[in-house]
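Please consider the protein shown below.

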Amino acid sequence: MNTFELFLEDSENQISLFGTSDYHLKLIETELGVIITTRGEKVILSGEDPEQLRLASEVIRALHQTIRQNVSLSPRDVMLAVQMAKKGTVEYFSDLFKEEITKNFKGKPIRVKTLGQRNYVQAIKTHDLVFGIGPAGTGKTFLAVVSAVHALKNNLVKRIILTRPAVEAGESLGFLPGDMKEKVDPYLRPLYDALHEILGVEHTARLIERGTIEIAPLAYMRGRTLDDAFVILDEAQNTTKAQMKMFLTRLGFGSKMVITGDRTQIDLPKGVESGLIAAENILADISGIAFIYLEQSDVVRHPLVAKIIQAYERERT
C-alpha cells in the first residue's frame with residue numbers, strides 16, 4: 001500500500017473542499033480507487049497504484065485552488081476535475097471558473113464546465129456559423145442559447161430564433177391531440193426549458209410575445225432571410241440534406257447561426273441521409289465555419305449519464 005500526504009492551508013475552506021459528509025472525497029475515492037483520510041490540514045491518500053495517487057493529489061490541489069477563488073464547488077465540478085486529471089488537463093480546471101458567459105435571471109453566473117465547452121463558446125464568439133456536435137448532456141443546446149441571450153443583451157443581435165426539425169421519434173405527430181402548435185410544442189420543449197433557466201418563465205414569455213424570441217419548427221424557416229438574428233438549429237441530425245441546405249442559406253447580414261446535433265441519435269427514416277452528416281462532409285474545408293466536437297468527457301449531467309453513453313458506445317462497436 002502506497003501513501004501520499006498533502007498539506008492544505010485555509011482550513012476554513014475544508015467543508016467546501018470535502019463536501020457535505022465528505023461526499024466530494026468519496027467521489028474521488030470511487031473514481032480513482034484510492035482511500036482518503038483527513039487530519040486537520042493534512043490529507044492522506046492511500047492506494048495500490050502510485051499513478052492513481054498522483055491523479056488524486058492533483059484533483060484535490062485543483063479543487064483547493066478553485067475554492068480559494070471564492071467558487072462554490074458541486075459534485076459535478078469534482079467529477080469534472082477527475083476527468084480532466086485523467087486527460088492530463090486538470091491544471092486548467094480553475095481557469096474554467098474565471099470567465100462567465102452571462103448571468104441567469106437569479107443573478108447566478110453561467111460558466112463553461114469543460115475545456116470542450118470553452119472551445120465551443122469561443123468558436124461561437126468568433127464565427128458566424130458554428131456546428132456543435134456531440135452526445136447528450138454536453139451542453140450543446142444550452143450554451144448556444146446562453147450565447148444567444150448574451151448577444152441579445154449586448155445588442156449584438158435584435159432577435160433570437162430557435163428551431164428544430166419536428167421528426168417523429170417513435171411517436172406519430174398525426175395522432176397527437178390538439179392543433180399544429182400543440183402537436184409541435186413538445187418537440188420544442190428543450191428550447192423553452194433552456195430559455196426559462198436563463199431568463200425565467202415570465203421574461204421569456206414577454207420576449208416571445210414581442211417577437212424578440214421566436215421558437216418554431218424548421219419548416220417555418222423556408223423562404224426567409226434572417227438578418228440581425230442569432231439563429232439556433234437544434235437536433236440537426238434529424239434534418240435531411242435538403243433541409244440543412246435550406247436552413248444554412250437563410251443566414252443574413254449581422255447574424256450568427258449555431259447548429260447542434262448528435263450523430264448517434266438520428267430518427268430519420270431508414271435510407272435517408274442526415275443533413276448534419278452531409279454538411280460535415282460538404283462544408284469541412286470552408287473557412288469561417290467552425291466544427292466543434294464535444295465528447296463524453298464534456299457531459300455535465302449526472303455522473304451516470306457519461307457511463308451510460310460509454311456503455312452504449314461499447315454496444316455499438
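In which helix is Tyr312 found? Tyr312 belongs to helix H11, residues 303-316; helices (H or I, at least four residues) and strands (E, at least two) are DSSP runs numbered from the N terminus. This is a predicted model, in which local features need pLDDT of at least 70, side-chain atom pairs count only at pLDDT 80 or more, and totals for chains, interfaces and linings use all residues. Residues are numbered from 1 along each chain as its sequence is written, and side-chain values use heavy atoms, without hydrogens and water.

**Exposed and buried parts**

Tyr312 has a relative accessible area of 60% and is therefore exposed (over 50%; buried means under 20%, partly exposed in between, with a 1.4 Å probe and protein chains only). By contrast, four of the five residues of strand E8 (residues 213-217) are buried, so E8 is largely enclosed by the rest of the structure.

**Strand pairing**

Strands E1, E3 and E2 form an open sheet in the order E1-E3-E2, with antiparallel pairing. Its edge strands are E1 (2-7) and E2 (35-39), each of which pairs on one side only. Two strands count as paired if DSSP finds at least two bridges between them. Two pairings are listed here.

| Strands | Sense | Bridges |
|---|---|---|
| E1 and E3 (residues 42-47) | antiparallel | six bridges |
| E7 (residues 159-164) and E8 | parallel | five bridges |

Within these pairings, Phe4 stands opposite Leu45 in E3, and Ile161 stands opposite Glu214 in E8.
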